[in-house]
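Reader: I am new to this structure and would like to understand the terms used to describe it. Please set out the grounds for each one.

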Amino acid sequence: MGLLLSIFIGFLASLIGGLYLLGVFRRRQPGEPPLDKGLIPWLGHVLEFRRNTLKFIERMKQKHGDVFTVQLGGSYITFLQDPLSFGPLVKESKEKLDFVEYAGDLVHRLFGYKGEEDDHHNLVVYSNKHLKGDGLKVLTQAMMTNLQNLMLHRIDGAADNSTWTEDELFMYSYNIMFRAGYLSLFGNTTPESEGSEERSKEKDRAESEALFSEFLKYDKFVPNMAYRALTPSQTLEVKRLLEVFWNALSMQKMRLKDNISRWIWDMWQIRNERGMKESMTDRLMFVLLFASQGNTGPASFWLLFFLMKHPEAMAAVKEEVDRVVKESGQEVRRGGPLVDLTHEMLMKTPILDSALEESLRLTSGNLLNRAVLQDMTLKLADGREYFVRKGDMVVMFPYSAVQLHPEIHPDPCSFKYDRFLNPDGSKKTDFYMQGKKVKYYNMPWGAGSSMCPGRFFAANEMKQLIFLMLLYFEFELKNESTEVNFKRWGFGVLQPDRDVPFRYRLRD
Ligand code: HEM
């Protein structure tokens, strides 16, 4: 009898423990946001969330208002969708709302990299040093050289410039931006190793092309990896791809290169000095490759796509590009030197800046995540207060909360290249909601402690692509429609669900 009783009590305890872990007992406490656990224990709403994050968040907002907590795969996530309250959240102390711990776990899961305690601090220090100011000028120059190598290497040898090349715009943009960005950050093959400068350029082209093709494969798996939803065969393929990148970006190989950017070099060196194993720093290199290349190509695609779809926008940008080149004393001449686009020239383009910001407004779909490190109160701009629990997450989804908010951005789904321009041609930063100024009116680069440190370089890269396209090529869409791929909500800049055919040729 005693034995049976012990077994029964043990069973009951495990059952209650299991149900507890499944979140069955969690109830909304006074002062907490509305709680929606969904019908499936533990999983909660995760399937609907993954199917279409935007639709799910909009449905929950309609049901519960702009602050609500949902259960997603065992985690409790509080969504805050009031744009006027983003400021207090972004500025909340790291002791309460933390990005670093959350990001560290994700990076470990996606890239196999286990960081050190001051990893984030080092990232901030070296990004400030090398992705801004003089460091940015050097990188922009490197990008120019590499873009010229990839886009214009045939310019002299082209027998017949009038032949159109048919291509697909997403692949075309992603390919060029990935390869030029990769070479600018991770360095070039040396002429000494190849016997001549021409051959080293050729090797750069071939090697970066091969790496891009593997990168695309990895990139496709990312959403499923983040949700721990890979099939066994996909898991094997991801392992193979990781090995490819760790090997291709290993310091052993990089030491043989020229022009490695200071950003990459210092990020490696500081860890090397502290005794981190090279097998681990090789993994960090892939984290940096992914962070720097995963968004820039897709964002360049959308910018080109919108400009091509909107002739008035393209004409305004073209006029600006021609003016800036002329003012620099350069011109595009058959057989003459290639135009050298400097950082200073790229700082004189308010129209292109506005078009770029507008394109990002319509296509960047990040979730900004913060882990709740201690029980705390979220204070909203209108005086409301909500209690959130330690161990939960607080998340903002700026795409629907801000970027497509019809009061902040009237006619929000339309591309208006001058949306971020004042009538006098200067940058517009005044946007309002309910009569109040909205500080975070567009958030493609994130905000606060996790704001993208590469944003200045990324903007320069994209502008360089537009300059070169407009100066050297004629190009036109063959089909003007595409949709976004819903699976990538929450993972940075969106991608199209099908590519867009276009054609291009060198200008006469
Ligand atoms: C259009 C291009 C780009 C977009 C839209 C973009 C956007 C973002 C966003 C939204 C985040 C924050 C993610 C979060 O809060 O979870 C981020 C982080 C980051 N980005 Fe970018 N990015 C771009 C290009 C770049 C480039 C070119 C670099 C490097 C040269 C870069 C380096 C990074 C790094 C290292 C982080 C992590 C920051 C941290 O942990 O605090 N990004 N990016």
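This is a predicted model: local features need pLDDT of at least 70, side-chain atom pairs count only at pLDDT 80 or more; totals for chains, interfaces and linings use all residues.

Reader: What makes β5 and β13 a pair?

Author: Strands, like helices, are DSSP runs numbered from the N terminus (E, at least two residues, for strands; H or I, at least four, for helices). Two strands pair if DSSP finds at least two bridges between them. β5 and strand β13 (residues 501–506) have four bridges, in the antiparallel sense, so they meet the definition of a pair. Glu 168 has Pro 501 in β13 as its bridge partner.

Reader: Why are β5 and β12 called edge strands?

Author: The open sheet has three strands in the order β5-β13-β12, with antiparallel pairing. β5 (165–168) and β12 (473–477) each pair on one side only, which makes them the edge strands. On average, neighbouring strands of this sheet are turned by 30 degrees against each other, direction ignored.

Reader: What joins β7 to β8?

Author: Strand β7 (residues 376–379) and strand β8 (residues 385–388) run antiparallel and are joined by four bridges. Met 376 is opposite Val 388 in β8. The hairpin of β7 and β8 has five residues between the strands, and Gly 383 in this hairpin takes a positive phi near 95 degrees.

Reader: Why is α5 called oblique to α10?

Author: Axes are lines fitted to C-alpha atoms, for helices over the stretch in contact, and angles run from 0 to 180 degrees between N-to-C directions. Angles under 35 degrees count as roughly parallel, over 145 as roughly antiparallel, 65 to 115 as roughly perpendicular and the rest as oblique. Helix α5 (residues 100–111) and helix α10 (residues 197–226) pack at about 125 degrees, with axes 10 Å apart. α5 and α10 are therefore oblique to each other.

Reader: Which residues of α5 and α10 meet?

Author: Leu 106, Arg 109 and Leu 110 in α5 meet Val 222, Met 225 and Ala 226 in α10 (contact: C-beta atoms, placed from the backbone, within 7 Å). By class, this contact has five nonpolar, no polar and one charged residues.

Reader: What makes α15 roughly perpendicular to α18?

Author: The axes of α15 and helix α18 (residues 350–363) come within 9 Å and cross at roughly 110 degrees. That angle makes α15 roughly perpendicular to α18. Among the residues making the contact are Trp 302 and Phe 306 of α15 and Leu 356 and Leu 360 of α18.

Reader: Which residues are closest to the ligand, and which helices supply its shell?

Author: The ligand is surrounded by 22 residues (C-beta atom, placed from the backbone, within 6 Å), the closest being Ser 292, Gly 446, Ser 450, Cys 452 and Gly 454. α14 (278–293), α15 (296–309) and α20 (455–472) each supply at least two residues of this shell.

Methods
Residues are numbered from 1 along each chain as its sequence is written. Two residues are in contact if their C-beta atoms, placed from the backbone, lie within 7 Å. Ala, Val, Leu, Ile, Met, Phe, Trp, Tyr, Cys and Pro count as nonpolar, Asp, Glu, Lys and Arg as charged, and the others, Gly among them, as polar.
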